[in-house]
Amino acid sequence: MDTAEQQAALSKENCLFCQIVSGRIPARKVYEDDACIGILDLYPANAGHVLLMAKEHFIFMPQVPRDVLDRIASASRIVARAALRAVQGDGTTIFIANGGLAGQKAPHFMIHVIPRLSGDGLPLAVPEAKIAPEVQQQVKAQLAAVLAGKQGLAPPSVMPAATGQEAAKPAQVQPVEKSDLDAITDMLAGDKDA
Ligand SMILES: [Zn+2]
């Protein structure tokens, strides 16, 4: 496939998911708001696997305007909660595959919401790689430098030096409010026993 063919394959006109959004291709739609629609995945990992697709044609997450992304992220929370209750799940796996190397198969931005059932055995756990501490330190500095350049954050030179005990004291983490904990517990518990 040459570049022109690739471009054509990725265009809005040829995008199956845009045709689902417009209703030209039927799908099992379970959710809709101004920014996105949610459909049952045709090839689900689990019962209740929902694809939340942007209504506009974007291929990758960095192309999605921030307000649209915020709304789709909020929708994923609503749909995750509903899917949990619908299939009596015990958790959800929510992810975005960004790029072919990351497993992206559709040329249209979407968030996967997959309800998890105990013992479902889905191979979705993230493995632990062995990364040398010096490499981690280098990556941290590089990330900080890039982020500082992009967002006006503190440059790496004013960040606290690594002490080897950083993980033990995450000073910036805010405590979870009890009301939030209740909401999370409620969500995870669903209304199974109701
Ligand atoms: Zn599309």
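I began with L52 and asked which residues touch it once its neighbours within four places in sequence are left aside; in this predicted model they are C36, G38, I72, A75, S76, V79, M110, I111 and V113.

Residues are numbered from 1 along each chain as its sequence is written.

**Core**

I next looked up the largest nonpolar core, which has 23 residues, and found L52 listed with C36, V50, M53, I72, V79 and V113 as those with the most contacts inside it. Such a core is a set of buried Ala, Val, Leu, Ile, Met, Phe, Trp, Tyr and Cys residues joined through C-beta atoms within 7 Å. At least two residues of this core come from each of α2 (16-22), β2 (36-40), β3 (50-54), α3 (66-87) and β5 (110-116), and the largest share, six residues, comes from α3. In soluble globular proteins, nonpolar side chains tend to be buried together.

For burial I used the count of other C-beta atoms within 10 Å of a residue's own, with C-beta atoms placed from the backbone: 20 or more is buried, 12 or fewer is exposed, and in between is partly exposed. By this count, buried residues make up 17% of the 194 residues in the protein chain.

**Strands and helices**

I counted five helices and five strands in the protein chain, taking helices (H or I, at least four residues) and strands (E, at least two) as DSSP runs numbered from the N terminus. Their pattern along the sequence is α-α-β-β-β-α-β-β-α-α.

I then followed the pairing, where two strands pair if DSSP finds at least two bridges between them. Strand β5 is mostly covered, with six of its seven residues buried. It pairs with β3 in the antiparallel sense over four bridges, and H112 in β5 is the bridge partner of L51. Strand β4 (residues 91-95) also runs antiparallel to β5, joined by five bridges, and here G91 has R116 as its partner in β5. Strand β1 (residues 29-32) and β2 pair in the antiparallel sense over three bridges, a hairpin joins them through three residues, and Y31 is bridged to G38 in β2.

**Loops**

Is P62 buried or exposed? I found P62 in the loop between β3 and α3, and it counts as exposed because it has 9 C-beta neighbours inside 10 Å. P62 and F109 are 47 residues apart in sequence, yet 9.7 Å apart in space, C-alpha to C-alpha.

I found S118 in the loop between β5 and α4 (133-151), where S118 counts as exposed because it has 8 C-beta neighbours inside 10 Å. S118 lies 28 residues from D90 in sequence and 6.5 Å from it in space, C-alpha to C-alpha.

**Confidence**

Lastly I checked pLDDT, the predictor's confidence in each residue, from 0 to 100: the mean for the protein chain is 81, and 73% of its residues reach 70 or more. Among its elements, β2 has the highest mean pLDDT (98) and helix α5 (residues 178-189) the lowest (45). Over residues 154-194 the pLDDT is below 50, and this stretch has 19 contacts in the model beyond near neighbours in sequence. Where pLDDT is low, the predicted coordinates should not be read in detail.

Definitions and conventions. This is a predicted model: local features need pLDDT of at least 70, side-chain atom pairs count only at pLDDT 80 or more; totals for chains, interfaces and linings use all residues. Two residues are in contact if their C-beta atoms, placed from the backbone, lie within 7 Å.
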